[in-house]
Amino acid sequence: MIDFELSEEQQMIRDSVGGFAREEIRAAARPADESGIIPPELVAKAWQFGLVSGAIPEQFGGGGDARSAVTGAIVAEELAFGDFAIALHVLAPRLFAFPILEMGTDEQRAKFLKHFCGADFAAATAAIMEPRFDFDLTAMQTIAKRDGAGFILDGIKCNVPLASESNNILVYAATDAGKGFAGVDAFIINRNARDAPGVTISEREKNMGLKALATYELTLNDCRVDADARLGGDKGIDFSRLMSESRVAFAAMGVGVANAAYEYARDYAKERKAFGVPIATKQAIAFILADMAIEIDASRLLIWEAAAKLDKGGDALKESYLAKNYVAASALKITDNAVQVLGGHGYIREHPVEMWLRNARGLAAIDGIATV
Amino acid sequence: MIDFELEPQVVNRLKMYRMVSEQMMRPISRDCDEHEHVKPTQFYESMWSASAMAEVQVGNDKDKAGDGAKADAGPKLRNLYTVLSTEELCWGDAGLFLSTPNAGLGGAAVMAAGTAEQKERFLKRFREGKPKWGAMAITEPGCGSDSAAVTTTATRDGDHWVINGTKIFCTAGEMAAEKSEGFVVVWATVDKSAGRAGIKPFVVEHNTPGMDVVRVENKLGIRASDTAAIVFDNCRVPFDHLLGSAEVKREGGFKDVMATFDATRPIVAAMAIGVGRAALDFVRDFLKEQKVAIRYGISPRRLTTIERDFMEMEVQLQAARLLTWRAAWMLDLGKRNSLEASMAKAKAGLAVTLITQKAVELLGPIGYSRKHLVEKWMRDAKINDIFEGTQQINMIIIARRILGYSSKELN
């Protein structure tokens, strides 16, 4: 039955995570963007919300909460309202933990999930993107070939968050090229002590935005893994579903950034005077702000619809794809307009809006670096 | 708990509207569009007698009007349900939807401003006898969206009001005023010095002397629906035809009336969505026939132009639909929804204008041809960006609310 209201629990999560993001993440955002360093204390504090451990079953030391894509979207949006890059950093372990939780074998779950239930931030990640303009999730060029009982992986990945500090990396590769989503599998690479054979991690990547997020290129050259490294064992994974979850989370972050930019521009427009009146009293500015408000709500509803479908176990490939592409466009337009509303002040780095514009552009360029 | 799934019971009921659309509207769509002022009387009769009438009668609240049995059988979220059924019927034909005999906006005004006794007295007719129409006359040649500027006057004369003025763009005005036993709710000022507080609604019965339909407009689209210009020349109506109280208060009155838009704007948005979905469905079927696949999930950089355009149409429609559902749902829960209703209306009007225009473009000569309905849907869709508050008026309402500005501060 149609319902637009958050559950009480979701409301509570939204308030607590949102409060933290508004106060503490936001304050750290600009210095982190300039220095490329996210304060470990901030990450530790975020970790205390149980962003990863909450959903891990009690038997592995987690909170045992039911996983929900809607709740995940709410959390992602709130965190990214504080800062997109920091949100991606603190949620990065989900890229590894949640696919294992959802699709791993019993052995894989028992072996890895407990790592995420300690008091300290446990870095982990996934390698999905490849450094090509036409990179396509359904046509990966990273290949996993059977080799006896195990597999040999070859290919180049990029935009891998926290690759350097993660011992556990989930690498996605085509096991059956030409089969689209169905032909993709994931492999657990444990690069203990950084000497996993065949795995090379580049220098930290330099991107236009999301500069506080450490990402790396990862090269797989004749990288051999055992059979039990394949996520889900013989039955493999539902890659389409994982990507739908990722798109929902990533898009939700886009709404968070857009909302940050909207609120900032709105408040600025009410303060800033021109011709003796606040610029917000001019239709040219007021209509831009009204359009932002509409598009933020529309974007959020599209995301929630896709998420709710995922929560019911449905196939939300289409909904999440359309929602993510919609937000990639709407968040860019909104953050761009925020710069426009601030004029020259929007262009200088004293205000955060130029950073939000750079961050929002990443939505259209990147896929699969967020997981609900 | 966030949920966007319709209950099976609702889905089933919507199928009934789909049948009406397919069997009673689509077959006469083209003909009604080509013969603008010819009335599809058989359609009127069928719609009137159809049991579906209960829900079609926008603004005619059966619960309050005393016909509880039917309403009890329906879904609890009645504004949401009205929005859903409106979309379904406008998928059939928006012009015919607007021309369907019912209390219409006149009924909505009675419901919003009338006393319990007035509701019963004026709305009873829509549950019996021959097909009837209700209409609302608010726009004047000198004031459109600035509806507080009405110059039509109502002067007290003993037990009567005497109304003078000219109204235009009155939907179903001809049917309500002259061609059925309906009525027109006309907005007129009883005290010009009081500004908007002096503007009151009056029920003018069909064929009341002094009320004359002077013109029925020729339009770009929704041609099956009559849009009338009505002149009131010393038109006398009984005193108790003023809806609600005659007292001129600083607050209330006109403000309450503007609140009726909170209920009607989601419906207009739903009309737009129905037309947009008709165009989208046509394009989808067409592409399927031509074996053009739409590939969801691949890199957006590998999509063809047709895929991109189609997906854009699809998601714009869904964005508008979700905003519309939300606005109606809020109303059902008794929440104030002016902001959300205007958002839905503004988004839907614009989105569907673009979607239908894109449909014509995508199909080339086939889209432009009057052999198919796509070009008609583009013409029909445009009105949704205009009536019930233009795109721009709704943007002003949204802007005022998000900025916390009065109409003086942002105009």
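The exercises below, each with a worked solution, concern a predicted model with chains A and B.

Residues are numbered from 1 along each chain as its sequence is written, and chains are lettered from A in the order in which they are written. In this predicted model, local features need pLDDT of at least 70 and side-chain atom pairs count only at pLDDT 80 or more, while totals for chains, interfaces and linings use all residues; side-chain values use heavy atoms, with hydrogens and water left out.

**Exercise 1. Strand pairing**

Task: Find which strands pair with β3(A), and in what sense.

Solution. 
Step 1. Strands here are DSSP runs of E with at least two residues, and helices are runs of H or I with at least four, both numbered from the N terminus. Two strands pair if DSSP finds at least two bridges between them.
Step 2. Strand β2 (residues 143-147) of chain A is antiparallel to β3(A), with five bridges between them. In this pair Ile143(A) stands opposite Asp154(A).
Step 3. The β2(A)-β3(A) hairpin has two residues between its strands, and Gly148(A) takes a positive phi near 65 degrees there.
Step 4. Strand β7 (residues 215-225) of chain A also pairs with β3(A) in the antiparallel sense, over eight bridges. Here Pro161(A) is opposite Thr215(A).
Step 5. For burial, take under 20% relative accessible area as buried, over 50% as exposed, and the range in between as partly exposed (1.4 Å probe, protein chains only). By this rule ten of the twelve residues of β3 (residues 150-161) in chain A are buried.
Step 6. In β7 of chain A lies Asp222(A), a non-glycine residue with a positive phi of about 55 degrees. Its relative accessibility is 39%, so Asp222(A) is partly exposed.

**Exercise 2. Cores and a buried threonine**

Task: Identify the residues with the most contacts inside the largest nonpolar core, then describe the surroundings of Thr335(A).

Solution. 
Step 1. A nonpolar core is a set of buried Ala, Val, Leu, Ile, Met, Phe, Trp, Tyr and Cys residues joined through side-chain atoms within 4.5 Å.
Step 2. The largest such core holds 234 residues, and Tyr172(A) and Ile303(A) have the most contacts inside it. A second, separate core has 19 residues, among them Ala144(A), Leu153(A), Val199(A) and Tyr216(A).
Step 3. Thr335(A) belongs to helix α8 (residues 317-342) of chain A. Thr335(A) counts as buried because its relative accessibility is 0%.
Step 4. Its side chain reaches two backbone oxygens: that of Ala331(A) at 2.7 Å and that of Leu332(A) at 3.1 Å.
Step 5. With contact taken as heavy atoms within 4.5 Å, and residues up to four places away in sequence left out, Thr335(A) touches residues including Val257(A), Ala261(A), Trp356(A) and Ala360(A).

**Exercise 3. The interface**

Task: Describe the interface of chain B and chain A by contacts, area and salt bridges.

Solution. 
Step 1. Contacts involve 45 residues of chain B and 50 residues of chain A.
Step 2. Buried area is the accessible area (1.4 Å probe) that two parts lose on being put together, summed over both. The value is about 4500 Å², with 65% from carbon and sulfur atoms. On the side of chain B, Ile2(B), Phe4(B) and Arg301(B) lose the most area, together 15% of what that side buries.
Step 3. A salt bridge is a side-chain nitrogen of Lys or Arg within 4 Å of a carboxyl oxygen of Asp or Glu. One joins Lys312(A) and Glu5(B), with the closest N and O atoms 2.4 Å apart.
Step 4. Helix α12 (305-332) is one of the elements of chain B that give two or more residues to this side. The largest share, eleven residues, comes from α12(B).

**Exercise 4. Salt bridges within a chain**

Task: Determine which parts of the chains are tied together by two buried salt bridges, Arg230(A) with Asp185(A) and Arg321(B) with Glu87(B).

Solution. 
Step 1. The whole structure has 64 salt bridges over all chains.
Step 2. Arg230(A) and Asp185(A) meet at 3.0 Å, N to O. Arg230(A) lies in the loop between β7 and α6 (239-271) of chain A and Asp185(A) in strand β5 (residues 184-190), so the pair ties parts 45 residues apart in sequence. Both residues are buried.
Step 3. Arg321(B) and Glu87(B) have their closest N and O atoms 2.6 Å apart. Arg321(B) lies in helix α12 and Glu87(B) in helix α6 (residues 78-92) of chain B, so the pair ties parts 234 residues apart in sequence. Arg321(B) and Glu87(B) are buried.
Step 4. Arg321(B) and Glu87(B) also belong to a network of salt bridges that includes Lys318(A), Arg277(B) and Glu314(B).

Key: Polar contact = N/O pair within 3.5 Å; in protein donor to acceptor, adjacent residues only side chain to side chain.
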